[in-house]
Every structure is written in C-alpha cells, then in structure tokens.
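Here are my notes after a look through the side-chain contacts.

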Amino acid sequence: MSDSRRPEPTMACSEADELAGLYVLDALDEHDRALVASHLAECPNAHEQFAELGGVVPALALLAEPVDAPADLRARVLAAYAQEAPQPIPALPADLRMTRMSAPVEARRTAAAPRAWQLPAWGSWVTAAAAALLVVALVGAWGLAARADADRAVARTQEVERAIAALSDPGSSVAILRGSGPAAGASGFAAFPAEGGGYVVLVDLPSAPAGQTYQAWYIAGDTPASAGLLSVGSDGYAVLAQAQPVAGTQVVALTLEPAGGSVAPTSDPIVVGQVEAPA
Amino acid sequence: VNGPGNGSGASATLPSEVSDEALIERLGGGHDQDALADLYDRYQASMYGLALRITQDPALAQDAVQEAFLGVWRNAGRYVAGRASVRTWIMSIVHHRAIDLVRRRRPTTDLVDVEPTAEALRVADVWPEVARAADARAVRAAMDGLPATQRAAIELAYFAGLTQSEIAQREQIPLGTVKSRVRLGLESLRRGLEGSQ
C-alpha cells in the first residue's frame, strides 16, 4: 500500500470511443492501447462501439487470397506441437494387456455421493467382471475402428491400453461409470494413478445434441470442479486423458452443457461413478 | 508428400463430419495431434495466405502460421463457442502473430514485450462477427465502396500492421484524421456487410 505517486490513467468514455476503430484493428500506439484497455476493463458503460467495429475486423481476413503453405510446414507444425505439448504416458509392453485385464478390481464401499446430485441407484456392481467386460468392449471398438482409420486407431488403442493400465494399477483410484437418461447404455471408467495423468473413458456414449457438449466433473463434497470437455467419436467412444482430479474427489460425473462448457454444471449428471481410493 | 494436407479442397480425405468446435475441444482436452492436424488441413491455406499478405515474406509467414497453431493449442481451453466461429478465432490469432512479427522487424514501432499470458488475453479479444456468412466477394465490394482514404487507412493498419502514428506519418495527415478515417471506414464497412446479408 505504498502511496507512491502513480499517474492515474484516465480517459473519458468519449475519448475511448473515438479510438475504438484503431483499437479493434490493434493499430493504437502502445501507450494509447493500454489506456483504452484499462478504461474498458474498469468502465461500467457498455461501449458498444467496440463490439460494433470489432465485429467487422474478422471479415478483413477474407481479403487475403488463400495460398497453400509449403508442404513441409505441416510436419514442422506437428513436430513443434509434439515437442511442446505434454506427452501422454509411454506405451505399455504388449503382453501387459492380458495380465491387467485379469487383475481383479476390488469392490469397495464408497462414501455416499453428494445429495444435491441425486445419483441413480444402480446397486453394487463394481466388480472385476464389470471392469473386464468394459475392457473387452473397448478393445473390440478399436478393432472395428482400425479398419476405418488405421493411424488414428493405433494411437487410440495405445491410449486405451494406457487407460486400462491405469485402471488395473493397484495404486490407482478408480470409478466405474454408468450412464442414465440420454446416456443410458453408456459405460466406462475413470482411473487416476498415484502419479501422472489419469483417464476418463466411456463407450457407447451417444453424440451430444447439437449445441451441447459433454463435460466431466470431479465432485468433492458438494462442489463440482470441471474435469474438461469430452468429445465423442462416431463409434461412441470418448476419452479424457491427463485427467487430474481435485483433492478429495468422491464422484466423477458427466453432464450435458452448452457448447464450450460451463463453469459449474447446469444440468443433472447423466453418467456417474463413485471413486474408490486404492486399497 | 505425406498426409492429406496438401490442399485446401481435400474434403474427401478429411473427417468433415467433425466440427471445428469438436476439434478445438479435443485439443483443449489433452494431447491430440490428430485434432491439430485436422485443423491444419482445414485452415492452413487461409492462414498462410493472410500471413503472407501481411509479412510479404514466406519464411516469416510460415513462422506466423506455426506460432499461431501453438497459440491455438495453448488457448483451446479458452475458446468460447458462440462468441466467434473457430475460423474467425484462428484467423485472428494468425493475424496477431503476423502483425507482431512484422512489427518486430520494423524498428520504428513502439513495442512492448508481450508475455505469453498477456498474449493469450489479447488473442481472446475477438468480437462476434457482423457477418458470419460474408464471402470474400462481399467484403471486397464493401471495401471498394469506401472512400479511398478510409480504405487505405484500414488496409495500412490491418495488412501492414502500421500504428496510428505510423499511418499519420506515411499519409502525411494529423493523428486525429487517422482516427476518424479508420472509425468512419469501419462503420461504413459494417453497414455494407450488413446490407449484403
């Protein structure tokens, strides 16, 4: 709270409006740009002029003729992405799949889910058999997909293998997920290893209705925290990788949200699973 | 030679049923190189064409496109559908990158070092389009309808990345005139585009 003299950046609304055109074109000199930006951030008035003029700017891009980039740029862009984007967990040795499929996932009692979410009662179905069936469904789905799009299917098969490894890791917290309502028939699991990113995997999930998207949530106590958006493949498969549940997550749930997602759920969950801590 | 991305009209080889929004979602949801590759194939020609027009330099234009795709990935979680189309959002990102590159090359422009976070915020500064369905011909017609001085001011700002004072210097006009030419030009352009709908 030092009282050092700071020149108050002030600008009248009318002055800001006059600069709207240059501002939306990003053509103000830095000093003026900063003044306008701080005025807009603090001013209670709507300053519609900025949206009106700013809405014109995207059209200007159409004045540039499209030109195919040199062929090698695609590889460069993807290589830069591969270098900078966090890599998923390394692939498993192939022989792990069978042993992990047969590894029992113990049924454990779980804390009651938050009441506000009105979880459907499905009874006690968290069994090794349920998990094993799911794995079979997943691998089967990918066998089919492989014929349609080999590269992508291989990548996703590896992803499924990593997800299954996380599911079968005794150190993982896991949840078996079941759908209801619009997502009836969907099933899947969430698996969060002690270290590294976890997975939320679903099969037989119908496409989200137009204008809506699936959003996953971690629920700790009564508080849902967004786990991210899930897009569903045409084969009904959806996966969220690098999942990092919030501390104390008891439930993993999916809701349908307006496209782009929501800060907090705006509808009842249609896929739910209770998280069981490692034994 | 590899991949389907050697043309903008390769719709037969692209999963065209996947929406742009879904690709952005996937990109925001975790490592998804396929989503980025699909977006690349859809938009590389538009992006490169714009970057080339701005930078007038193939190497710089390629850098702009590459940096823009990394920006798309880093900001995918911030993309708000409904505010602007994915195309508009992506084009505004490559526009910013290209302008930034030409300004850095030009010693006259008063530049601040843009931190990645500050850049992300500026990237988000996209206004809802006045005319989502506008095509190039309609925009060109609307531009042609402007007085030449207004059109020049807008083009110097948008395509050459000149700032207000640089435009004033180049056109030998007072700062206030630059301000009004740009504002009146954009207002007329808006009316022209709305009329073309």
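How exposed is Arg183(B), buried or partly exposed? Arg183(B) comes out as partly exposed, with a relative accessible area of 21%. Keep in mind throughout that this is a predicted model.

1. Let's stay with Arg183(B) for a moment. Its side chain meets that of Glu187(B) in a salt bridge, with an N to O distance of 3.9 Å. The cut-off is within 4 Å, so the pair counts. Both residues belong to helix α9 of chain B, where they sit four residues apart, or about one turn of the helix. Glu187(B) is also partly exposed, at 22% relative accessible area.

2. Lys179(B) forms a salt bridge with Glu18(A), at 3.0 Å from N to O. The pair runs from helix α1 (residues 13-18) of chain A to helix α9 (residues 175-196) of chain B. On the chain A side, Glu18(A) is partly exposed, with a relative accessible area of 36%.

3. Next, helix α4 of chain B. Arg104(B) and Asp100(B) make a salt bridge with 3.0 Å between N and O. They are four residues apart in helix α4 (residues 86-105), so about one helical turn separates them.

4. Salt bridges link Glu67(B), Arg97(B), Asp100(B) and Arg104(B). For the overall tally, a search of the whole structure turns up 15 salt bridges over all chains.

5. On to the rings. The whole structure holds six aromatic pairs, counted over all chains. One of them is Tyr81(A) with Trp73(B), an edge-to-face pair with 5.4 Å centre to centre and 90° between the planes. Tyr81(A) lies in helix α6 (residues 72-84) of chain A and Trp73(B) in helix α3 (residues 58-75) of chain B, so this pair joins two chains. Both Tyr81(A) and Trp73(B) are buried.

6. Another pair is Tyr40(B) with Phe69(B), whose ring centres are 5.3 Å apart. Their planes meet at 40°, so the pair is tilted. Tyr40(B) sits in helix α2 (residues 33-55) of chain B and Phe69(B) in helix α3 of chain B, so the contact ties together parts 29 residues apart in sequence. Tyr40(B) and Phe69(B) are both buried.

7. Arg53(B) lies over the face of Phe159(B), 3.8 Å from the ring centre.

8. Last, two backbone angles to look at. Gln242(A) has a phi near 55°, which is positive in a residue other than glycine. Gln242(A) is in strand β6 (residues 238-243) of chain A and is partly exposed at 26% relative accessibility. Gln172(B) likewise has a phi near 55°, again a positive value in a residue other than glycine. Where does Gln172(B) sit? Gln172(B) is in the loop between α8 (164-171) and α9 of chain B, and is exposed, with a relative accessible area of 70%.

Notes:
Residues are numbered from 1 along each chain as its sequence is written. Chains are lettered from A and ligands numbered from 1 in the order in which they are written. This is a predicted model: local features need pLDDT of at least 70, side-chain atom pairs count only at pLDDT 80 or more; totals for chains, interfaces and linings use all residues. Side-chain values use heavy atoms; hydrogens and water are left out. Buried means under 20% relative accessible area, exposed over 50%, partly exposed in between (1.4 Å probe, protein chains only). Rings of Phe, Tyr and Trp (its six-membered ring) pair if their centres lie within 6.5 Å; planes under 30 degrees apart count as stacked, over 60 as edge-to-face and the rest as tilted. A charge sits over a ring if NZ of Lys or CZ of Arg is within 6 Å of the ring centre and within 35 degrees of the ring normal.
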